[in-house]
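Morning, everyone. Please have the sequence and the model open, and follow along as I go.

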Amino acid sequence: MRAGAELSAVEARWLALRGQGLGRPRPKAEPARRHVRAAVASAGMVQLDAINVVERTQFLVLFSRLGAYDQDVLHRMSGPGGELFEYWGRMASLLPVAHQPLFRWRMARHGPYGESPTNTARREAWRAEHADYIASILQEVTDRGPLTAAQLTDPRRRDGEWWERRSVGRQALEGLFADGELAGWRNTRFERVYDLPERVIPPEVLAVPTPPVEEAHRRLLVLAASSLGVGTVRDLAGYYLLPTRTAQARVAELVEAGELVQVAVEGWREAAYALPDARPSRPTRAHATLLSPFDSLIWERRRTAEVFGFDYRIEVYVPAPRRTYGYFVLPLLLGDEVVARLDLKADRKGSVLRVNAAFLEPGADRPETAAAALAELDALRRWLGLGDLAVAPRGDLSPELQRLAG
């Protein structure tokens, strides 16, 4: 792509889908490790979240790209010595382990929020208050090997809400994880297991010299441009939680070096940037795709509205009477458009995938959308090992879904 190119809004959307690995069909054969590797590489990272209404988001994100794959493959890839490691990419995320050196500057700044003076002061005060205990936690992990917070000899449990209910031991472990003094991975119960980095991160990765902060930022911005397809400085910065002002200087350097090109996108007020080899092409994926609410294609709501014309927010944290669409709503992508949103729940006890509500987006074709949604819901149901699909009557797409589902 040449500098100064003018892209249509549709071409920008195509680039976004291609960057996320959502523009091409799912593998025909059963997805293997190489497919998972490629999917994570395209997205740059896969966000983690504990909510398990349908399935945890790290598994849903890969289902969106690959279809029915074996979740054990991801567990093996993200454990000690694996190809993926957990750290604060945007939120808690699985990232290619080869990128670990690019996050050491963040570890040196105590995690993703270390640049805030208020957070830094609060953190330093807490660490000073608990210095002896933190040192004992680090020593216990060194001596005993991998541990969850619940397995600490002295976890110092507390009562409270959200962060305040976490034990002092959990907070100490989290602080050591953010600093890079401990590494971690998730067990099958989604508990983070902590251990020394040299027992988790492959030695050849730890041996890579730590790049200067500015160079790490440049590499992360290039990775963001690859995953986004095309984006503004704010888009590129936000992908890996870099300060926008810092990103602006680094993006200018990347343009000067020829690693990024500045382009214009129809309807966008801000300048956009892409890789020089980026080429918009119409998506070839014919089937519909359910998207996790935490999918990297849509996690930035402003950008989602700009690229897809889709106004979306997660209503998990909204009180039930004030929800518009439902508790765990998955957008439905068809071609290059978001055509519906479905409130889903995996009823494992009853072995039913429940569609609690289904809403058609303005302008979408109702029969086409319902047929595509049903096929994708059936694929999801089978992957989850559920026996039946049940569609509730809520939402303007539900009657057509009910009719097709029989």
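Predicted model: local features only at pLDDT ≥ 70, side-chain atom pairs only at ≥ 80, totals over all residues.

Start with strands S11, residues 337–347, and S12, residues 352–360. They run antiparallel, and eight bridges join them.

Now the whole sheet. It is open, with five strands in the order S9-S10-S11-S12-S13, and the pairing is mixed. Which strands stand at the edges? S9 and S13, the latter covering residues 388–391. Each has a single partner strand, so one side of each lacks a neighbour in the sheet.

Next, what lies across the sheet strands? Helix H15, residues 398–405, lies across S11, S12 and S13. H15 runs at about 140° to S12.

On to the cores. In soluble globular proteins, nonpolar side chains tend to be buried together. Here the largest nonpolar core has 79 residues. Val230, Leu342, Leu380 and Leu401 have the most contacts inside it. Helix H14, residues 366–384, gives the most to this core: nine residues. A second, separate core has 53 residues, including Leu102 and Leu275.

Beyond its neighbours within four places in sequence, Leu380 touches Val54, Leu60, Phe63, Leu290, Leu344 and Leu353.

Last stop: Phe294. It sits in the loop between strand S9 and helix H13. Is Phe294 buried or exposed? Buried, because its relative accessibility is 8%, and the cut-off is under 20%. Setting aside neighbours within four places in sequence, its contacts include Gln47, Ile51, Trp299 and Phe328. Finally, Phe294 and Asp388 are 25 Å apart, C-alpha to C-alpha, and 94 residues apart in sequence.

Conventions: Residues numbered from 1 in each chain as written. Heavy atoms only, no water. Core = buried A, V, L, I, M, F, W, Y, C linked by side-chain atoms within 4.5 Å. Buried < 20%, exposed > 50% of the residue type's maximum accessible area, 1.4 Å probe, protein only. Helix = DSSP H or I, 4+ residues; strand = E, 2+ residues; numbered from the N terminus. Contact = heavy atoms within 4.5 Å. Pairing = 2+ DSSP bridges. Axes fitted to C-alpha atoms, helices over the stretch in contact; angles between N-to-C directions.
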